[in-house]
Structures are given as C-alpha cells and as structure tokens.
Amino acid sequence: MKIFIEKSKVEGIIEAPPSKSETHRALISASLANGISKISNISYSMDVKATIECLMALGIKILCNKESVEVYGNNGKFSQENTTLNCNESGSTLRFLIPLCVIDNIERKLCGSSKLMSRPVLLYKNIFEKSNVKITKLENELLIKGKLKSGEYQVDGNVSSQFISGLLFALPLLKGDSKIKINKSIESKSYINLTKKILKLYNINIFWENENTLFIKGNQQYKSTNVEIEGDYSNAAFLDAFNLIGGKITIKGLNDNTIQGDKIYKKYFDIIQNNKKEKIDLSDCPDLAPVLFTLSAIKGNGYFINTNRLKLKESDRGKAMQMELKKCGIDTKILDNEIIIKGKLEKPKTILNGHNDHRIVMALSVLLSLTGGSIDGMEAINKSFPDFFYKLQNLGLKVKYDS
C-alpha cells in the first residue's frame, strides 16, 4: 500500500506507544507464572499478536481487552503438545520461545515468514549442543525436540541478545543452576538487562557474575503480578525526530529513569542537530539506525560505527536506506562496520520503498514531511506501531492513501 505525504509540520501532544520489547517479555513471564497477571498499556502490533497467539497455542489462556490483557499462567508448563507456533515476522517471538519449547521433551514446530526464517536462528544449534536438543530447519519452519539441561552455555554476544534472553526465560525453571558465558563483545546489552528487569517483577532473579557471565539459579518459580508497560523510546525517537525539522511535538508517557537502551537517541539527536562531528555507535541501538540516517541526510552528514548487525534486521537497513536516500540526492557509503552519510537533501524523483521494514517506513515519513513524496509498503508499520500515521495526522501531517 502506498502513502503520499505532503510537505507539512506537526504540532501537539502525543502519547508514546507502549514498549514492544517489554510487552513480549511480560507476556511470556506471565504465562510461566502461577496465577493471573494483568498487563496494562498494551498495543496490539503484529509482533505482539504473534507472541499472544503462540502462547495461546501452547495452552495459555489470555484474555485481551482494549489496552490490557489478563494472562492465566500455567506454572512453568505448556499443556499443548505437538503444536505449531506461527511467529509471523517477529524475531523476538521466535527466539524467546525456542528454549521454552524444549523444557518438556516434546516435539514442536515453529514457523514464520520467509524473511523471518532467513534471519539468524540456528545459533541455538550450537548453544544446545550439550543438551541433545535437535533443531531441523526447513524452508519456513523449525522442527525442535529435546530436553534443555541446566549447566554452562557459551553464546556469541555479537549476533543478537535475543538468544541470551530466550535462555533466561527457560533456565530458571530447570533443576540445576546454570551460567551463560558470552563470547566476543556484547551488543544490545541493554536488552538483556531489560529481560532481567521484567523477570525480577515475576520473582525470577538473574545475576551478572562478571561482565560477560550471567548466573541463573535453578528451581525458581515465576509468580503472577500486575505490570504496566512503559512508553517505548525506540518508537518515540521517530516522533521526536519531527522536532529537529521544525515540528513541535510533546511526547508523554516516557520514563525518565528507564533502562531502555534506545533512550540514547536524545544524545545522538543532539550530535546530529549541532553537527558535532562525532561518530555515532549503533552497537546497542540498531533500531534507531533508520531515523538517525534520515536526520543525518537532512542535516547534511553523519558518521556511524558498529553497523554490521543492521544486515540482520527486518531488512538490510544499511543497504535499504542507502537505496532510498540516493533517490533524495544523498550519498551513503557502506564500509566495513561503518556507514558515512553526505549530501544535500532533494525531493525524491521517484517513489520511496519501505523494504517491508517498519522503522524504514517511519524514518522516510520524517524526510517526506519536508520534501513531499510517496512511500510504497507503508503497511510495514503494523509490525510495531500500527497507528503511527493516524496519530501524526491528528498532529497535522498531511497524508493520502493509495491501495
């Protein structure tokens, strides 16, 4: 679906969307608890729906209300056997649930879009080697069977923190104690700490033994609790970006004391806005890359490091943004783990493409509010922020839809 955006400015007050990252973690933790948990401030994006539907397929009762859910936990057990879990396009859903699927030695099938299944998932094969867990990858499916064992696990920290978080959900339920030793540099460490935070709310304690080792006590029990999801700094960045180009948006619902790593966008916006000639490190915030690239293009330059993991997201974000910014007169150089942006922004001479990536669509919308133009594939926003354009229309963004 195409969207045409006219040159326009946005002004007003807007509520930050709920954190998708917190929501995934709270839903899974509540499902493993003994009792009923209420999770409020929920937004039913495609990824959140995928996690809810997978948990229900595993036998968890979940009642969905307008902005909250009630989760009837099953005390660390899943009642449904030999079921298929459709993760759609949600990498978090897939990677978080794989370890939980092998705590009871029942064969299960996980499926999803071809794009999701092309993203790294087989790192778990190496991780599970000592547990005799078998993972078979088909075109768009994973067959998984075995029984996860407590013990010491070696995980590479430079691929995705989601593999580590997935283990953190499952290992506390096992009889013995476990450790996760993280090799290489840890990227997106803030997301591991976010998992620890949510687990603690549900009575599960994880400890950093040292900088690269997590200790997980066995025989822990999840306890039900009520949780309100924080506003999401990742998506708030795409709203706040309009303030750097003449907009006047006040964003409510963000926790100033959050541990969300994407809060760093405020620092990076300042670097770009004031042309400070500093290198911007994306190792802990790959989701911010599209909006940071866009603002750098608008301001005339930007220098980014630790960019390799952008290849592993919903699109190859470096190459995708390079293609779209080129249509706007911007030169994007992709080097070894670095990206440099230079040029003078022009109105795009052709339709921009969202590359089936929600964050690219949102980033390009910021740019087009200055120049005018169209984006093909705007429906990708449903993955994380389905009412993005609706909210911005209420603040003055002029848009037209064309199916």
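In what order do the four strands of the open sheet with β20, β21, β1 and β22 come? The order is β20-β21-β1-β22, and the pairing is mixed. Strands and helices here are DSSP runs numbered from the N terminus (E, at least two residues, for strands; H or I, at least four, for helices), and two strands pair if DSSP finds at least two bridges between them. The model is a predicted one, so to speak of a local feature takes pLDDT of at least 70 and to count a side-chain atom pair takes pLDDT 80 or more, while totals for chains, interfaces and linings use all residues. Residues are numbered from 1 along each chain as its sequence is written, and side-chain values use heavy atoms, with hydrogens and water left out.

Helix α12 (residues 358–371) lies across β1, β20 and β21 and runs at about 165° to β21. Such angles run from 0 to 180 degrees between N-to-C directions, with axes fitted to C-alpha atoms, for helices over the stretch in contact; contact means heavy atoms within 4.5 Å.

A second sheet is open too, with four strands in the order β6-β7-β9-β8 and mixed pairing. Here β6 (84–86) and β8 (134–137) are the edge strands, each pairing on one side only. From one strand to the next, the twist averages 20°. Strand β6 runs parallel to β7 (residues 108–111), and three bridges join them; across this pair, Leu85 stands opposite Leu110.

Then there is β3 (residues 36–40), which has two partners to look at. With β5 (residues 68–72) it runs antiparallel over five bridges, and with β14 (residues 227–228) it runs parallel over two bridges. Ile39 takes part in both pairings: its bridge partner in β5 is Val69, and in β14 it is Val227. In a regular strand, side chains alternate between the two faces of the sheet. In β3, Ser37 and Ile39 make up the covered face, while Ile36, Lys38 and Ser40 are on the uncovered one.

Ser68 belongs to β5. Its relative accessible area is 11%, so Ser68 is buried (under 20% relative accessible area, with exposed meaning over 50% and partly exposed in between, for a 1.4 Å probe and protein chains only). Neighbours within four places in sequence aside, Ser68 is in contact with Lys38, Ile39, Ser40, Ile42, Tyr44 and Leu63.

How many of the eleven residues of helix α10 are buried? Ten are, so α10 (residues 289–299) is largely enclosed by the rest of the structure. Among the buried ones are Val291, Leu292, Phe293 and Ile298. Just after α10 comes Gly300, with a positive phi of about 115°.

Finally, the largest pocket holds about 360 Å³ of space. Of its 18 lining residues, Ile103, Lys147, Leu173, Leu174 and Lys175 are the closest to its centre. A pocket is an open set of points on a 1 Å grid over the protein atoms alone, with protein on both sides within 12 Å along at least five of seven lines, and lining residues have an atom within 4 Å of a point. By class, six of the lining residues are nonpolar, seven polar and five charged.

Note on methods:
1 Å grid on protein atoms, 1.4 Å probe; cavity = no way out; pocket = protein on both sides within 12 Å on 5 of 7 lines; lining within 4 Å. Points joined across faces, edges and corners; volume = space filled by probe spheres on them. Nonpolar A, V, L, I, M, F, W, Y, C, P; charged D, E, K, R; others polar.
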